[in-house]
Amino acid sequence: MATRDDIENWLGQIALGDRASFSALYSATSAKLFGVILRVLDNRAEAEEVLQEVYMRVWRHAGRYRVNGLSPMTWLITIARNAAVDRKRRRVAIPADMSAIDSESDSGPGPEQRAIAASENARLSDCMDELAEGHAEAVRRAYLDGETYAALASRFDVPLNTMRTWLRRSLLKLRECLSR
């Protein structure tokens, strides 16, 4: 087990670029720092990534450690804990599950679909204009508004079978018109 003096010496040597000291520091402290990170993140894979980030910070900033009577382990644990908390905050801000993003995205038609729909609506409107005057209204009420055949027959004052015939013939004309 490494002493406070050992860790302080390694940090001093790391500040000078000594790789052997970095390796010794890693061997002596990585298990403890990994435990701290894992407790915060509760995800082993993320904890391993954050541990690597922590040691990269230690390598770059070892010169910032000052021997002041405080434990160098406290300095290392603070770096590890802060890195883990930062990762956890990013995790909340950016959903790990992309389906969450899909559920938040606009599910409506895109510009291309709207243009196609507008073109088809114009064609359908033109074809509806070719139907007899009352027949187009009957088709709209039956298939867009959901009125029953009986209600339509009553509204247009025609027998029920006549209304069925109007609707059937109107749909055939629409299909023929739209296929041109």
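**View 1. Overall layout of the protein chain.** Among contacts (heavy atoms within 4.5 Å) with a separation of 6 or more in the protein chain, 59% are between residues 24 or more positions apart. This is a predicted model, in which local features need pLDDT of at least 70 and side-chain atom pairs count only at pLDDT 80 or more, while totals for chains, interfaces and linings use all residues. Residues are numbered from 1 along each chain as its sequence is written, and side-chain values use heavy atoms, with hydrogens and water left out. The protein chain has nine helices and zero strands, where helices (H or I, at least four residues) and strands (E, at least two) are DSSP runs numbered from the N terminus. The radius of gyration, taken over C-alpha atoms, is 37 Å, well over the 16 Å that the globule rule (2.2 Å times the number of residues to the power 0.38) gives for 180 residues, so the protein chain is more spread out than a compact globule. Along the principal axes, the C-alpha atoms fill a box of roughly 105 × 30 × 20 Å.

**View 2. The largest nonpolar core.** A nonpolar core is a set of buried Ala, Val, Leu, Ile, Met, Phe, Trp, Tyr and Cys residues joined through side-chain atoms within 4.5 Å, buried meaning under 20% relative accessible area with a 1.4 Å probe, protein chains only. The largest such core has 25 residues, and those with the most contacts inside it are Leu25, Leu33, Ile37 and Val54. Two or more residues each come from α1 (4-15), α2 (19-41), α3 (44-61) and α4 (72-93), with the largest share, seven residues, supplied by α4. Leaving aside neighbours within four places in sequence, Ile37 is in contact with Ala47, Val50, Leu51, Val54, Ala80 and Ala84.

**View 3. The buried side of helix α7.** In α7 (residues 133-143), Ala136, Ala138, Val139 and Ala142 are buried. They cover an arc (from the directions from the helix axis to the C-beta atoms) of only 160 degrees around the axis, which puts them on the same side of α7. These buried residues pack against α6 (111-129), α8 (149-156) and α9 (160-179).

View 4. A disulfide, counted as a pair of cysteine sulfur atoms within 2.5 Å, joins Cys127 to Cys177, with an S to S distance of 1.9 Å. Cys127 lies in helix α6 and Cys177 in helix α9, so the pair ties together parts that are 50 residues apart in sequence. The torsion about the S-S bond is about -80 degrees, so the disulfide is left-handed. Cys127 counts as buried at 5% relative accessibility, and Cys177 is buried at 8%.

Terms used. Buried < 20%, exposed > 50% of the residue type's maximum accessible area, 1.4 Å probe, protein only.
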